[in-house]
Amino acid sequence: MKHNNLLLLNKEQLKSVTVLDGPLLVIAGAGSGKTRVITYRIAFLLENGYKQNEILAVTFTNKAAMEMKQRIKKITGLNLRLLTVSTFHAFGVKILKKHGHLLGYKKNFSIYDQPDKDSLIKDILADEGPVKIDNTQLLSNFFSKIKMNQANSEDYEPEVLRLYHRYQANLKAYNAVDFDDLILLPLKLFSSYPDILKLYQDQYRHILIDEFQDTSEVQYKLIKILGRTANSVCAVGDDDQSIYSWRGANFGNIMNFQRDFRGTLEIKLEQNYRSTPVILNAANELIKKNSKRKGKTLRSVKDESEPIIIHMPQNERMEGEWIAEMIRTLLVKHNLKYHDFAVLVRTNHLTKPIEEAFLRDNLPYKVSGGISFFQRREIKDILSYLKILANPDDNINLLRIINVPRRGIGLKTIEKIANSADAKGISIYSLISSLRFGGKDKFEKKILDSLIEFVTLLDYYREKIMHPKKIAVTVKSMIEKINYWGYLLTENKKKQVAQWKYQNIMSLLNSIKDYEYDPDNLSASIYDYLNRITLNTKDEQPDMEKGKVQLMTIHSAKGLEFDTVFIAGLEEGLIPHARALSDDERILEEERRLLYVALTRAKNRLLMTSCKTRRKMGQIEDCNVSPFLEEIPERFYEYYKEKDDEQGDSSVDFFEKFRKKVLQ
């Protein structure tokens, strides 16, 4: 690596980058340059003679993986086609595409996202008849916990296990996998075929894991197996930012790394380049109350520091008004843009009164966590067509579009087809295909013609879409052939809505075209494209729109930073969440880590609100300030609150007084 680049690193970062042999655990505090360390380390490996295909770097979002690769390319000036920087799930796809046939999967397997998974569970429940547990989301969570070793199968009733085994059997029959399988199946492959495992162990001499505190038990198991013979395994993470136990993250992994990889060198990155001293000192005081952590103290490189502002509005309406007013005030004083502000909440339901205040004040904002582009109905319709072209055995997606646009194939016909296919042990597509050659199933001529026309259409476009550089052209032709525009006009009373949805489809076509003509995609195919967007949808992060205040949950804000941050609802029962107010210290410590993450998103200013009353379940209830506030010394914040109504101070008076104070 060029000497000038290394000069940009501090002492601890430099050591993390240049120590290349043996296991390394980098405890990277918030804002300490974690991504820089990983990218510089990979660049240093490449410039010291290691080959691209000998390096494996895994992270948790496709956006992070892409940005990491772009930074490495910028540093080294190299073409990085052979370098593996991906999410855990994308890496799992890569393994299964090469070796999945050994486990009974075809190369064109489908990846079921959450809606697909839910549809499959609903189909199973409908076929099962009355069951004790018929909540799709609950069963989906149970199935994931069983797969990801978060629970023992003995902990569940026989009925749940029976439904789970049927769910797995249906996935296999449809040549489909879910997100959990993308980690679980490679482990099964390596366990059953040691020679395949050795191929990967011999290839990847250097392994790097980003956001290590977010790894699950099975993800860590995959790393341990692959890293058993590696020159170095470098885990980079922050135990104080472990906030995803509810989706499988195992906090113990970062604590056990040194036990599992003997001779580990531990380096702490404590120099913070983001936040002011006051914000960091408050965060340090808060998090040190946790007993299970790697001790560290973040230090700021900044000098100037404003106190944290605490405000106690009467209710959530006044909370929203105060936040809107302060944004307007600070915007002018500090010459900021709207996108320099973020409002963080514990749960999504807290955004409504804040949104209403923003709307009344004509304040531009964006709520993160809305419907993903790829989850919009019109996009899901077209993607379901593509998934069937790629994998005809995918019953779930075939049933989604068998009557889209309408072909006169009703529910009774669909039920008859599905039952017949199930009885014969074949896919629905195979059964309908057999009707062209005199299959035994009897249907009215009109319905039979529609079914045959449907599979003939699929067969025609399946052949077309397999040609190189023909994916977008083929999809456009198919959309026109099925007259999806006419279908949108029929389904939507307002033409403007239909036009907007059709424009979304045109955007999808453009994304396909961009994908297949990207020179970095060495083997562009419909299979690869579908896998990419399914994984992208799973890992999607908030899209930061310029010119808008960002309103999001604290979980969504992890990894982001803003000039000015508001934390709304700093109340007992919200932060920490009501379920944490039990005797389980683990839950309480994770809630404390969650507030720590919220605090450390702020670069220059931090303002927090705690309502005196809040409407809950239709009733107005008194609120207590979060007990976490008591853990932050008062010298780090200024406490503002409105005077009682009887003293004659209105909220308008308060805002005026506070504005004068801030603008002094």
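**Close-up views of a predicted model**

**View 1. Charged side chains over aromatic faces.** Arg 247 is placed over the face of Tyr 244, at 3.9 Å from the ring centre, where a charge counts as sitting over a ring if NZ of Lys or CZ of Arg is within 6 Å of the ring centre and within 35 degrees of the ring normal. Lys 416 likewise lies over the face of Phe 443, at 4.4 Å from the ring centre. The model is predicted, so local features need pLDDT of at least 70 and side-chain atom pairs count only at pLDDT 80 or more, while totals for chains, interfaces and linings use all residues. Residues are numbered from 1 along each chain as its sequence is written, and side-chain values use heavy atoms, with hydrogens and water left out.

**View 2. Aromatic pairs.** Searching the whole structure gives 18 aromatic pairs, a pair being rings of Phe, Tyr and Trp (its six-membered ring) with centres within 6.5 Å, counted as stacked with planes under 30 degrees apart, edge-to-face over 60 and tilted for the rest. One of these is the edge-to-face pair of Phe 212 and Phe 257, with 5.5 Å centre to centre and 80 degrees between the planes. This pair links distant parts of the chain, 45 residues apart, since Phe 212 is in the loop between β6 (206-209) and α11 (217-226) and Phe 257 is in helix α12 (residues 252-260); helices (H or I, at least four residues) and strands (E, at least two) are DSSP runs, numbered from the N terminus. Both Phe 212 and Phe 257 are buried, where buried means under 20% relative accessible area, exposed over 50% and partly exposed in between (1.4 Å probe, protein chains only).

**View 3. Surroundings of helix α6.** The buried residues of α6 are Asp 116, Lys 117, Leu 120, Ile 121, Ile 124 and Leu 125, and they pack against elements including β4 (110-112), α7 (136-147) and α8 (158-173), with contact meaning heavy atoms within 4.5 Å. After α6 comes Gly 129, whose phi is positive, near 85 degrees.

**View 4. Strand β7 and its parallel neighbours.** In strand β7 (residues 232-237), six of six residues are buried: Ser 232, Cys 234 and Val 236 point one way, and Val 233, Ala 235 and Gly 237 the other way. Strand β1 (residues 24-28) runs parallel to β7 and is joined to it by four bridges, strands being paired if DSSP finds at least two bridges between them, and Val 26 has Val 236 as its bridge partner in β7. β6 and β7 also pair in the parallel sense over four bridges, with Cys 234 the partner in β7 of Leu 208.
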